[in-house]
Every structure is written in C-alpha cells, then in structure tokens.
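Subject: Structure handover

Hello,

Here is the structure for your files. My notes on it follow below.

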Amino acid sequence: MTRWLIALTAAVCTTGLLAAADPPESYEIPYRLTDTKHVLVRAKLNGKGPYNFILDTGAPAVFIPKKLAKEVGVKLDGKGWSTFDRFEVEGGVAVDGARTRVEDLFQLEGMNGLGLAGAELHGVIGYNVLAKYRITYDFTADKLTWVPLDFDPPDPKGIGRGGQGGLEVLGPIMKVLGGLMGINPNFEVRGRGFLGAETEDRKDGVYVKSVLADGPAAKAGIKAGDKFLAIRLGIGGMQKARRIDIDTPRDLARALAEAKSGDELRIEVRRGEVIETTAVTLGGGL
Amino acid sequence: MRTATTFFAAIALFAAAAPCPAQAPKADPKPVVVPFKLLPSRHMLLDVTLNGKGPYKLIFDTGAPLNLVNSRVGKDAGLLKKKKAGGGFGFGLFGGVSQVEVDKLQVGDVTAVDLPAVVMDHPTVNAISSAFEDEFGKIEGIVGFPFFARYATTVDYQKQELVLKPTDYKPADYLGDLMTRLMSASEKGGKPRVVGAAGLWGFSVQPADDKEPGVLVKEVFQDGPAAAAGLKPGDRMLTLDGRWTDSVGDAYMAASLVRPGRTVAVVVKRDGKDITLKVTPTKGY
C-alpha cells in the first residue's frame with residue numbers, strides 16, 4: 001500500500017513537472033514601482049533593449065515613441081500601428097505578434113523631462129497585450145504573476161474624434177502632469193562603493209561580523225567584532241567633509257548610501273577597549 | 001541623499017511586508033470578485049460609491065498614480081468639504097484642482113477607507129465620457145494606485161472581473177511626495193543615481209565587450225555568499241533573481257531588490273552552458 005502511494009505520488013510529481021516545463025502555466029514578472037508609483041516592467045523589442053514600460057490599463061495598446069520604433073526597426077503600417085517580430089517581457093514572457101501604436105506621448109516626455117519617475121520611461125503596455133494574461137499586482141511581493149489566457153483581445157476602437165480614429169486621446173490617460181522646467185535629469189545608475197564587510201545589528205549598535213578576504217575592509221585592517229562608531233566622508237574629495245555617528249543600522253545605511261567606488265572614507269570603530277580610525281578606499285562590488 | 005531616503009523607504013516597506021512570526025496568525029483575507037465593464041476604447045469601468053453616495057462610473061487605471069473625480073462628483077459626494085491644507089500646489093497651473101480625502105470608497109463588496117484623491121475636471125475623462133455616455137452613462141473619474149495598491153489585484157479581461165484581496169501594503173502619499181521630488185530633481189542637477197545591493201554578495205562585475213546579453217563576473221571574494229554558491233570569475237551573469245543583468249547598473253539594480261537572507265537564482269553562462277546558482281546574500285556592504 002505504502003509503496004503504491006509512493007509510486008503514485010512520484011507519478012503525480014513527474015506529471016506536474018512535465019506540465020510546468022512547457023509551456024509555463026504562469027510567469028513571475030519582475031517589476032519596480034517608479035518614484036511616481038507606476039508599475040515598471042522591462043521588455044526587449046526585436047532583441048534590443050531592455051526598455052522600461054509602464055503597465056497601464058488606461059491605455060488601449062502598447063505605445064512606443066517614434067524614435068524608439070526607429071531604433072528597434074519596426075515598420076509602420078501608415079495608420080500609426082506596427083508589429084514587433086519579438087516582444088519579450090523580463091521574466092520569460094514572449095508575446096507573439098504584439099502590435100504597437102507608434103506615437104510620442106507628451107505624458108512620458110513630461111515625466112522624462114523632469115526625471116520624476118527615477119527611471120527613463122520608454123513606453124506603455126496597454127490592453128492589447130495585458131488582456132492576454134491574468135495579471136496579479138501585489139506590492140508586498142517583488143514579482144507580478146502573469147497567467148496566459150486563451151483569449152485573443154479584439155482591437156480597441158477610437159472614440160471618434162480627431163484624426164486616427166481618436167486613438168491619440170486614448171494614450172495613457174492620467175500620467176503625471178509634467179511640464180518642462182529646465183531640469184536635466186540623469187538616469188544613469190552607478191554602483192555603490194563596496195566595503196566587503198558582513199554586518200550584525202545588535203541592540204547597542206552595528207558590528208562587523210566578518211570581512212571578506214582581500215576586500216576593501218580587510219585590506220584596511222577592519223576586523224570581525226569591531227563596532228562601528230562613526231564614518232567620515234568626503235576625505236580629499238570635492239564634497240565637504242562630514243562625520244556621521246553610527247548608532248543604528250539605518251545610520252550606517254545612510255552614511256554609505258551615496259558612496260561610490262574609489263571614495264575614501266575614515267571608519268571609526270571600537271575594538272575591545274580601543275578606538276581605531278581606519279582609512280578605507282571603497283572598491284567596486286556587490 | 002533624497003534618492004537614498006526613497007531607497008531606504010522602499011526597503012523599510014519590504015521589511016514591513018515580511019511575515020512577522022511574533023504576531024498571531026491573521027485569518028487569510030478573502031478575495032472579493034468585482035465585475036467591470038469594458039468600454040469600446042478598452043478602458044475598464046467600475047461602479048464606485050464614495051462616502052455612501054453614487055454609484056459613480058470611474059475608470060480603473062493601473063497607470064494612474066492618483067484617484068480622481070470631476071467637480072460634480074466632488075460636490076455630490078461631499079469631498080470638497082474635506083480639502084487638504086496646501087492642496088493643489090504645483091497643480092494650480094491646471095486650474096480648479098483640490099486634494100481631498102475620501103472617507104469611504106466602495107466597489108462591489110470591497111470597502112476602502114481614508115483614501116487620497118484629487119477633484120479636477122480632466123479633459124481626457126470628459127472626452128471618453130461624451131463618446132460613450134449614451135451606452136454607459138456619465139464617466140466621472142479614475143481609480144488608480146492609492147486604491148488598488150492596498151490589494152493583491154488580479155485583472156482578468158476575459159471574464160471581465162477584478163479580484164481584490166487585501167494586503168498589508170501601505171501606499172505612500174503620492175502628491176505629498178511630489179513636491180519633494182520636484183525640489184530634489186533640481187537639487188541633484190543631473191548626477192547619476194547611486195544604487196547599492198541590499199545585502200552583501202561578495203563579487204564584482206564588469207561590462208562585456210560585445211552586445212550579447214549579460215555582464216562579466218570579475219572577482220569573487222573567498223568565503224562570500226557568491227563564492228559559496230559556486231560563482232566563478234569569468235562567468236557571464238545573465239539574470240539575478242529573474243532580472244536581466246545586461247549592464248553593470250542593471251546588476252546593482254537587481255541586487256538592490258533582494259533582501260539579505262533571501263535565496264535567489266543567479267543564471268550564468270559558463271563554457272556555453274546556462275547554469276543556475278542559488279545565492280543567499282547576507283547583511284553587509
């Protein structure tokens with residue numbers, strides 16, 4: 001009997017695995033919330049990118065600006081529509097024959113002009129692709145769930161005003177009301193400087209749990225058991241020198257948040273009964 | 001520094017969202033199914049009751065950072081009585097915008113309390129309303145992030161229903177933050193954003209000199225979490241926790257979203273083969 005059960009369980013498990021392998025029943029799609037509370041996913045268009053897209057039930061279709069259409073080499077049909085050869089969403093979704101509107105959206109331009117979202121926004125994904133999936137947005141999770149539906153969404157209709165069947169009014173309807181205020185945003189991401197130290201949060205402060213061999217902390221002579229007291233920033237640099245007391249994990253996080261690779265710090269630690277001040281040059285690393 | 005504050009706020013949110021074993025287990029909240037209508041323009045239309053008044057027809061929009069109603073609904077539901085101090089700052093430009101708080105918003109069997117909203121006659125909402133009014137009635141606003149972010153929200157266009165299940169997520173006050181962001185945008189004046197891993201991984205990356213996907217693993221620090229998982233210098237990292245790592249910036253961004261102690265997949269190409277490693281970053285810098 002037991003043997004039967006085991007065999008049965010094994011069979012069920014195997015079947016489950018096979019079913020899950022091809023094609024997946026659901027996808028875990030990585031997303032980020034932008035500073036403007038938009039749901040951002042990334043997509044590669046015809047193998048190029050990744051580009052940043054907002055998931056937008058307020059848009060009838062995928063929208064990309066003209067410049068991007070040119071960059072990824074999609075051809076227009078004369079009515080402002082185009083079709084991607086390949087449309088891949090980060091997390092493993094590949095949408096067959098995804099159609100897109102090619103149009104410059106002032107809302108995205110406005111946000112990008114101000115750098116409001118904290119990331120450059122390249123386009124939006126609307127109804128014609130969203131409707132092919134049952135999508136769950138849960139902001140306590142770090143992935144969205146996309147379940148493919150056996151559903152071919154009908155083409156959206158315009159609202160019968162203006163040119164192009166009124167579709168231009170149906171771009172994302174309520175993005176940020178951005179203007180152009182002469183701000184020059186920079187979307188470049190730089191890695192934070194690397195210390196190579198494992199930390200431990202205790203009631204009375206933050207301690208070094210271990211240092212990675214050959215890492216910047218180890219090279220500077222920081223040792224396991226050291227207690228962080230303070231960090232001095234802006235040594236020999238353009239910035240003003242600052243001393244930050246380290247009483248809590250948050251203090252340490254704040255002190256290091258803007259530090260870059262190559263920055264020189266002074267780290268003040270208590271080692272036993274002695275207070276040591278060590279010069280550390282941050283490296284590159286994660 | 002502002003970026004950093006936002007970043008840590010995000011971390012704090014994640015931390016707050018983590019299950020807390022010390023608390024008594026809460027009964028799993030029941031998901032509620034709410035049907036919606038689909039306009040010919042493919043907007044989702046909901047019947048929404050505000051402060052017991054209505055129902056009003058509002059568009060459900062995942063791309064909207066705000067809840068918004070027109071001035072008629074604002075008056076009818078008594079929203080304008082509860083204007084927020086300093087409401088409408090930078091939006092004064094657009095005329096007639098008030099920031100208000102909705103005491104109670106009901107959609108189907110779902111009730112949400114104390115929600116921010118703006119009262120404004122939005123031209124696009126008006127245009128959609130006049131196009132479809134004959135068939136669907138007046139359309140008078142938008143339900144966006146401040147509402148649906150409180151739930152695990154599932155959108156099913158095939159069945160034309162929303163499924164809402166309450167979560168512990170607390171959406172931040174969007175408009176309150178906006179002014180700060182505008183200020184910091186001019187302050188920062190075009191400096192790159194510094195992004196750090198949320199934990200200690202113990203390896204470094206460098207850009208590859210071709211256009212193929214992935215970044216090159218440069219150093220792997222002995223005894224670190226990445227070394228323990230079997231990462232090797234020369235590996236080409238394709239994804240970290242399911243996120244593409246096609247640039248050094250991408251690698252930091254992906255690692256910024258993984259809390260220490262969580263085990264995630266790192267996919268690398270080594271000798272032409274894709275290998276999945278399981279890495280658990282620790283707390284550190």
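**Strand pairing in chain B**

Strand β16 (residues 264–270) of chain B and strand β17 (residues 273–279) of chain B run antiparallel and are joined by seven bridges. Strands here are DSSP runs of E with at least two residues, helices are runs of H or I with at least four, and both are numbered from the N terminus. Two strands count as paired if DSSP finds at least two bridges between them. Please note that this is a predicted model: local features need pLDDT of at least 70, side-chain atom pairs count only at pLDDT 80 or more, and totals for chains, interfaces and linings use all residues. Residues are numbered from 1 along each chain as its sequence is written, while chains are lettered from A and ligands numbered from 1 in the order in which they are written.

β16(B) and β17(B) form a hairpin with two residues between them. In the turn, B:D271 has a positive phi of about 50°. B:K269 stands opposite B:D274 in β17(B). B:K269, in β16(B), also stands opposite B:R236.

**A sheet across both chains**

Which strands make up the open sheet of six? The order is β1(A)-β12(A)-β11(A)-β9(B)-β10(B)-β1(B), with antiparallel pairing. Its edge strands are β1 of chain A and β1 (32–35) of chain B, each of which pairs on one side only. On average, neighbouring strands of this sheet are turned by 25° against each other, direction ignored. The axes are lines fitted to C-alpha atoms (for helices, over the stretch in contact), with angles from 0 to 180 degrees between N-to-C directions.

On the chain A side, β1(A) pairs with strand β12 (residues 143–148) of chain A in the antiparallel sense over four bridges; A:E28 stands opposite A:T145 there. Between the chains, β11(A) and strand β9 (residues 151–156) of chain B are antiparallel over three bridges, and A:T136 faces B:T154 in β9(B).

**The contact between A and B**

Chain A puts 77 residues into the contact and chain B puts in 80 (contact: C-beta atoms, placed from the backbone, within 7 Å). Elements of chain A that each supply at least two residues to its side include β1 (27–30), β11 (133–137) and α6 (249–256). β11(A) gives the most, with four residues. By class, the chain A side has 39 nonpolar, 17 polar and 21 charged residues. Nonpolar means Ala, Val, Leu, Ile, Met, Phe, Trp, Tyr, Cys and Pro; charged means Asp, Glu, Lys and Arg; the others, Gly among them, are polar.

**Cores and chain A totals**

The largest nonpolar core has 86 residues, and those with the most contacts inside it are A:V41, A:L130, B:L46, B:V48, B:L50 and B:L79. Not counting residues up to four places away in sequence, B:L50 touches B:Y56, B:V73, B:A77, B:L79, B:V102 and B:L105. Apart from this core lies another, of 52 residues, including A:I246, B:F203, B:A226 and B:V266. A core is a set of buried Ala, Val, Leu, Ile, Met, Phe, Trp, Tyr and Cys residues joined through C-beta atoms within 7 Å. Buried means that 20 or more other C-beta atoms lie within 10 Å of the residue's own, with C-beta atoms placed from the backbone.

Chain A has six helices and 19 strands, and 41% of its 286 residues count as buried.

Regards

How values were computed:
Two residues are in contact if their C-beta atoms, placed from the backbone, lie within 7 Å. A residue is buried if 20 or more other C-beta atoms lie within 10 Å of its own, exposed if 12 or fewer, and partly exposed in between; C-beta atoms are placed from the backbone.
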